[in-house]
Amino acid sequence: MYKLEVSHLTKIFGKRQKQALEMVQEAKNKTEILEKTGATVGVYDVNFQVKAGEIFVIMGLSGSGKSTLIRLLNRLIDPTSGDIFIDGQDVAKMNEEELREVRRHKINMVFQNFGLFPHRTILENTEFGLEVRGVEQEERTRLAEQALENSGLLAFKDQYPDQLSGGMQQRVGLARALANNPDILLMDEAFSALDPLIRREMQDELLDLQAEQERTIIFITHDLNEALRIGDRIAIMADGQIMQIGTGEEILTNPANDFVREFVEDVDRSKVLTAQNIMTSPLTTNIDIDGPTVALNRMKKEEVSMLLAVDRKRHLKGSLTAEAARDARKQHLALAEVIDKNVRKIDPDTLITDIFPLIYDSPAPMAVVNKEDKLIGVIIKGRVIEALANTNDAEE
Amino acid sequence: MNILQQPIPLAQWVEGFTNWLTSTFSGLFGFLQALGNAIMNGITETLLFIPPLLFIALLSLLAYIVSKRKWGLTILTFLGLLFVYNQGLWENLMNTITLVIVSSIVSIVIGIPLGIWMAKSNRMEALIKPLLDFMQTMPAFVYLIPAVAFFGIGMVPGVFASVIFALPPTVRFTNLAIRQIPTELIEASDSFGGTNRQKLFKVELPLAKNTILAGVNQTIMLALSMVVTASMIGAPGLGRGVLSALQHADIGAGFVSGVSLVILAIIIDRFTQNLNQDQVAKSPVTSKDKKKRRLVWLAVIAAFLLAFIGKELQKNQEAQKEKVNLAYVEWDSEVASTNVVAEVLKEMGYKVTITPLDNAVMWKSVANGEADAMVSAWLPTTHASQYKEYQDKIVDLGPNLEGVRVGLVTPDYTSAKSIADLSNQAKKTITGIEPGAGVMKAADETLKAYPNLQDWKLSSSSTGAMTIALEQAIKNKEDIVITGWSPHWMFSKYKLKYLEDPKGSMGGKEAIHTISRKNLDKDLPKVYKLLDKFKWSQKDMEEVMLKINEGASPENAAKEWIQKHKKEVDNWKK
């Protein structure tokens with residue numbers, strides 16, 4: 001038996017829903033339906049099953065209905081039709097009392113903007129689920145402190161949410177859900193409001209947690225990389241309908257339709273690719289200002305062993321290796337004296353196919369410079385190979 | 001087409017509906033009135049039992065605690081209240097505080113649940129919003145009319161009118177505050193299986209608290225602003241001082257009462273705002289702080305209870321005095337006579353309250369037994385319409401002062417001798433007094449009766465404003481026609497004359513009558529007897545009036561007159 005099973009789930013907002021439903025069946029698009037009937041199709045005929053202990057990721061652009069879908073699962077939004085089975089019980093048909101029991105014991109949620117109560121301390125926030133369940137004060141404090149301990153936030157238990165950073169707040173949001181020990185965890189774009197570094201940390205933490213506890217997690221995101229990192233299986237949504245469900249590999253290698261194909265690449269294959277399309281932002285050091293220590297520091301932070309050297313006006317001057325910087329530090333030289341001026345420069349409009357042969361004999365990454373000799377990007381081997389592989393696939 | 005010529009009888013419908021309400025729910029209204037009066041008298045007497053200087057010290061201490069040791073509010077509280085006490089307005093201040101407290105509490109008790117209901121239901125919001133707009137834009141005076149019909153005169157109708165007027169901000173802010181809570185927090189509460197009740201008390205109200213309190217602050221301010229208006233229907237307090245100053249054109253007294261109201265408003269405003277600043281400083285509220293706050297509240301409540309018990313004990317020691325309630329209009333003549341009668345009754349050992357009211361309300365209050373009696377009925381012409389309306393609900397004890405008259409009055413330099421001679425003097429305007437006064441009705445009839453007054457206007461204002469206008473006109477040697485009556489001090493101050501009235505529309509010779517409620521002779525036979533005997537002359541009255549006009553308080557002027565005329569007064573008591 002599946003932990004969670006969703007069949008023919010539909011949600012339409014607004015009036016004249018019948019007419020809207022007919023139009024969806026005729027495969028009319030959302031805008032057309034809205035103009036005609038004034039009804040919005042949130043989710044249409046969604047079916048999927050999730051096994052216990054699986055991380056099931058739902059992806060889609062904004063407006064694809066993914067947030068509506070996750071709220072249908074715990075009935076924050078009532079479905080228009082369809083069924084949601086949790087452990088074989090149909091949540092969609094439950095009365096308020098039964099639904100409340102399910103929400104208290106089986107299914108909890110983590111929110112995009114953390115959903116913490118600003119008037120309660122971290123501890124009071126964490127024990128909220130236990131409090132509404134009517135757990136004794138002592139017991140719920142114990143459980144909440146345990147959950148905070150696990151996420152390393154026990155020291156902050158008497159603070160208020162707005163005294164914490166975003167990452168900490170989201171850990172509290174997670175701890176609040178976990179303190180309840182639910183079978184199913186719903187995560188609605190839980191990491192989208194965090195900055196990329198913290199986001200990656202949180203993803204790792206979630207994976208560690210999952211390795212330990214094996215909960216069923218429904219995870220919503222609009223970020224493909226995030227989905228690929230943590231999802232056991234991924235469902236891609238558009239216009240309220242699921243386009244494809246599969247593992248990351250399946251979706252990348254075998255997209256079900258054009259929409260998915262376009263979605264999983266961030267480059268448009270119909271265009272002939274040039275350097276501009278595949279360059280990434282360069283990691284630079286400013287030789288007019290930085291000294292060798294600053295440069296080394298940046299390499300350490302960015303986890304690279306080479307930087308491009310520019311002057312104050314972003315004109316490309318050369319490249320700087322870690323060894324050269326270290327020498328400069330030892331001998332008290334300026335960076336300008338140790339940089340390697342021999343850097344391959346490329347025009348932004350160079351075709352990939354022309355770049356490919358150059359890559360093999362270029363020691364440093366290739367710099368993309370514009371007409372004024374200003375650095376605008378950098379080409380990395382991996383990107384070129386990936387791009388070429390994709391174009392070849394398309395030709396087959 | 002008929003509809004354009006025939007006015008829709010909206011006034012009659014409203015009248016009918018109000019009458020139906022009054023008769024159907026008279027039991028409920030009576031109960032509420034008795035209960036409200038008991039509660040409010042209890043509060044006022046308790047506040048008055050605390051010696052003023054001690055009270056001022058306590059409030060200053062409270063201000064010091066509430067404002068977290070800032071001296072500004074403390075000093076303002078101390079000096080402001082001391083000023084009010086110094087001006088002899090302490091009792092008025094306590095009455096006003098009672099009125100504001102009770103109005104605010106009733107508004108909050110009704111308003112917050114209503115606001116919550118509104119926030120939870122869009123249909124409810126659509127229904128209540130226009131109603132709130134209506135409540136806030138309707139002139140507050142309008143609420144006084146049904147208030148009198150339902151609850152008679154005094155504090156209770158004042159509270160009723162204040163509540164209608166002051167309720168909207170609390171309802172609006174509560175609704176707004178709850179609707180403004182981020183959806184995510186509401187979802188969070190729901191997603192953990194919180195019941196609606198848990199959501200309300202654990203999430204919504206705590207988060208909405210500050211905004212709701214801002215609304216409550218507005219409500220308190222509005223209730224305070226209604227104090228002046230409500231004094232027209234007998235609500236005691238500082239408003240009465242403002243109103244009577246307006247009617248006597250007494251700038252100084254009006255200003256003093258006004259400033260006292262401002263002081264009270266600022267103190268209340270700062271108190272409520274300071275109580276609202278818990279969460280602003282984002283340091284966790286420790287249990288120690290909570291304990292402190294609880295202690296302060298306990299101390300306040302304990303002090304009040306102590307005072308209440310003290311008051312009750314004192315009451316028991318005092319012989320239970322019988323109460324007499326006299327109504328009057330703020331005309332100089334009636335202020336004089338009512339105060340004299342009141343002082344005599346006090347000497348006889350009664351507890352007398354005198355309530356200044358608008359003329360029409362005064363008649364009504366005697367007719368329905370709210371007030372025991374009045375000595376201010378001008379008959380047969382001036383108050384003819386009121387007499388006709390209430391004659392079978394009242395007892396006419398006959399005249400207490402003969403030979404008064406009303407008429408159109410001009411300065412003696414005006415050429416016209418008779419009403420029929422008026423053509424285009426004084427911008428074709430008759431300067432009148434309060435629109436509800438009897439003399440105004442008579443003047444209206446006069447405009448209709450004399451063909452030469454076809455295009456004249458009758459402009460209403462107040463007794464005080466009319467005397468000021470008269471003074472100005474005489475200074476500038478301009479023509480002015482006023483609705484006058486005697487006895488009045490203006491005849492001794494300026495050279496004036498009555499215009500002859502060949503058609504008799506302004507009424508001929510009149511007398512001021514004493515009117516009592518039904519059954520007063522059975523309930524308070526001694527009072528009834530005194531009122532029956534009470535009779536004096538124009539000269540007597542003008543003696544008292546002049547004293548008051550020279551700056552004596554009405555009470556003292558009355559006492560002085562009684563001292564001087566012992567014989568006469570003893571005759572009344574026989």
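This is a predicted model: local features need pLDDT of at least 70, side-chain atom pairs count only at pLDDT 80 or more; totals for chains, interfaces and linings use all residues.
Strand β15(A) is paired with two other strands of the chain. Strand β14 of chain A, formed by residues 345-346, runs parallel to β15(A) and is joined to β15(A) by two bridges. In this pairing, V368(A) of β15(A) has I346(A) opposite. Strand β16 of chain A, comprising residues 375-379, runs antiparallel to β15(A), with four bridges between the two. Here I379(A) in β16(A) is the residue opposite M366(A). The hairpin made by β15(A) and β16(A) has five residues between the strands, and D373(A) adopts a positive phi near 65 degrees in this hairpin.

An unreviewed UniProt entry assigns residues 28-264 of chain A to "domain: ABC transporter". This span is 43% helix and 22% strand, and its end C-alpha atoms are 24 Å apart.

For chain B, an unreviewed UniProt entry gives the feature "transmembrane region" at residues 20-40, 46-66, 73-90, 96-119, 140-167, 220-239, 251-268 and 295-313. Residues 96-119 of chain B are 100% helix and 0% strand, with 33 Å between the end C-alpha atoms. Residues 295-313 of chain B are likewise 100% helix and 0% strand, and their end C-alpha atoms are separated by 26 Å.

Key. Residues are numbered from 1 along each chain as its sequence is written. Chains are lettered from A and ligands numbered from 1 in the order in which they are written. Side-chain values use heavy atoms; hydrogens and water are left out. UniProt positions are given in the numbering used here, feature names are shortened, and annotations may be inferred rather than shown by experiment. Two strands pair if DSSP finds at least two bridges between them.
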